[in-house]
Amino acid sequence: MRETKSQLKERTEKIIKLLKRAHPDAKCALHHSNAFELLIATILSAQCTDERVNKVTADLFRKYRKPEDYLKVPATELQEDIRTTGFFVAYGKAEGVVVDTHVSRLSHRLKLTKQKDAGKIEKDLMEIVPRKNWIEFAHLLIFHGRRICKARRPLCEPCVVEELCPSSILKTGKVPKS
Ligand code: SF4
């Protein structure tokens with residue numbers, strides 16, 4: 001039977017609860033001291049490693065302390081300041097759910113979305129994940145993806161959300177797509 005939106009929301013909240021218990025250390029590896037810095041670091045991290053972002057933001061956050069500071073400099077200067085991240089900052093990106101390779105893979109395996117495009121996956125997740133959990137949800141999926149729901153061979157047996165996961169090897173008998 002097809003899962004309704006409210007059943008999907010309910011299942012997602014159960015997944016969040018179980019993942020929080022399994023990964024209490026799931027937190028952002030990006031250095032930041034406020035929500036605005038976290039937003040900037042998260043945007044930059046779409047194109048490179050967290051380590052690279054932390055190196056760049058060490059100087060960036062000394063120079064740019066508030067949103068207006070980014071608007072004061074010529075675009076070329078800002079571009080140069082973040083050049084090594086491979087990203088030219090997307091001004092005005094709204095707060096949402098960060099979708100990286102882990103979030104995308106786990107969202108498919110958990111059947112939280114059918115979309116392939118990161119922007120569309122994010123939109124689906126924003127509809128079913130409570131707003132207060134948006135940032136945390138991405139961290140939980142990233143940690144779970146690194147430790148348990150690995151791309152090539154997910155460890156479904158010890159997985160805390162196995163009962164809520166339609167793609168579990170224990171149910172389907174085959175390794176889900178990565
Ligand atoms: S049951 Fe398996 S496929 Fe589903 S989330 Fe857990 S590890 Fe991933």
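**Overall fold**

Mentor: Reading along the sequence, you get the pattern α-α-α-α-α-α-α-α-α. Keep in mind that this is a predicted model.

Trainee: How many helices and strands are there in the chain?
Mentor: The chain has 9 helices and 0 strands.

Trainee: What box do the C-alpha atoms fill?
Mentor: Roughly 55 × 30 × 25 Å, taken along the principal axes.

Trainee: And what share of the residues is buried?
Mentor: Buried residues account for 42% of the 178 in the chain.

Trainee: Give me one to look at. Where is Leu 141?
Mentor: Leu 141 sits in helix H8, residues 134-147.

Trainee: Is Leu 141 buried or exposed?
Mentor: Buried. Its relative accessible area is 0%. The cut-off for buried is under 20%, so Leu 141 qualifies.

Trainee: How far is Leu 141 from Arg 105?
Mentor: Their C-alpha atoms are separated by 9.1 Å. Along the chain, Leu 141 and Arg 105 are 36 residues apart.

Trainee: New topic: cavities. How many does a search of the whole structure find?
Mentor: The search turns up 1 cavity of 30 Å³ or more.

Trainee: How much space lies in the largest cavity?
Mentor: About 110 Å³.

Trainee: How does anyone find empty space in a model, by the way?
Mentor: You roll a probe the size of a water molecule over the atoms, and that shows where empty space is left.

Trainee: Which residues line the largest cavity?
Mentor: There are 15 in the lining. Cys 149, Pro 154, Cys 156, Cys 159 and Cys 165 lie nearest the centre of the cavity.

Trainee: What classes do the lining residues fall into?
Mentor: The lining of the largest cavity has 10 nonpolar, 3 polar and 2 charged residues.

Trainee: Where does the ligand sit?
Mentor: The ligand takes up the space of the largest cavity.

Trainee: Which residues come nearest to the ligand?
Mentor: Cys 149, Pro 154, Cys 156, Cys 159 and Cys 165, out of 13 residues around the ligand.

Trainee: And how does that shell divide by class?
Mentor: Around the ligand you find 10 nonpolar, 1 polar and 2 charged residues.

Trainee: Where in the chain are Phe 36 and Tyr 70?
Mentor: Phe 36 is in helix H2, residues 35-44, and Tyr 70 is in helix H4, residues 67-72. They are 34 residues apart, so the pair links distant parts of the chain.

Trainee: What about the other pair, Tyr 64 and Tyr 70?
Mentor: That one is stacked, because the planes are at 20°. The ring centres of Tyr 64 and Tyr 70 are 4.5 Å apart.

Trainee: Which residues do the ring pairs link into a cluster?
Mentor: Phe 36, Tyr 64 and Tyr 70.

Trainee: How accessible are they?
Mentor: Tyr 64 and Tyr 70 are both buried, with Tyr 70 at a relative accessible area of 2%. Phe 36 counts as partly exposed, at 23% relative accessibility.

Trainee: Last one. What is phi for Lys 111?
Mentor: Near 55°, which is positive in a residue other than glycine. Most residues other than glycine have a negative phi.

Trainee: Where does Lys 111 lie?
Mentor: In the loop between helix H6 (101-109) and helix H7 (118-128).

Key. Residues numbered from 1 in each chain as written. Predicted model: local features only at pLDDT ≥ 70, side-chain atom pairs only at ≥ 80, totals over all residues. Heavy atoms only, no water. 1 Å grid on protein atoms, 1.4 Å probe; cavity = no way out; pocket = protein on both sides within 12 Å on 5 of 7 lines; lining within 4 Å. Points joined across faces, edges and corners; volume = space filled by probe spheres on them. Nonpolar A, V, L, I, M, F, W, Y, C, P; charged D, E, K, R; others polar. Near = heavy atom within 4 Å. Sits in = over half its atoms within 2 Å of the grid points. Helix = DSSP H or I, 4+ residues; strand = E, 2+ residues; numbered from the N terminus. Buried < 20%, exposed > 50% of the residue type's maximum accessible area, 1.4 Å probe, protein only. Phe/Tyr/Trp six-rings, centres within 6.5 Å; stacked < 30°, edge-to-face > 60°.
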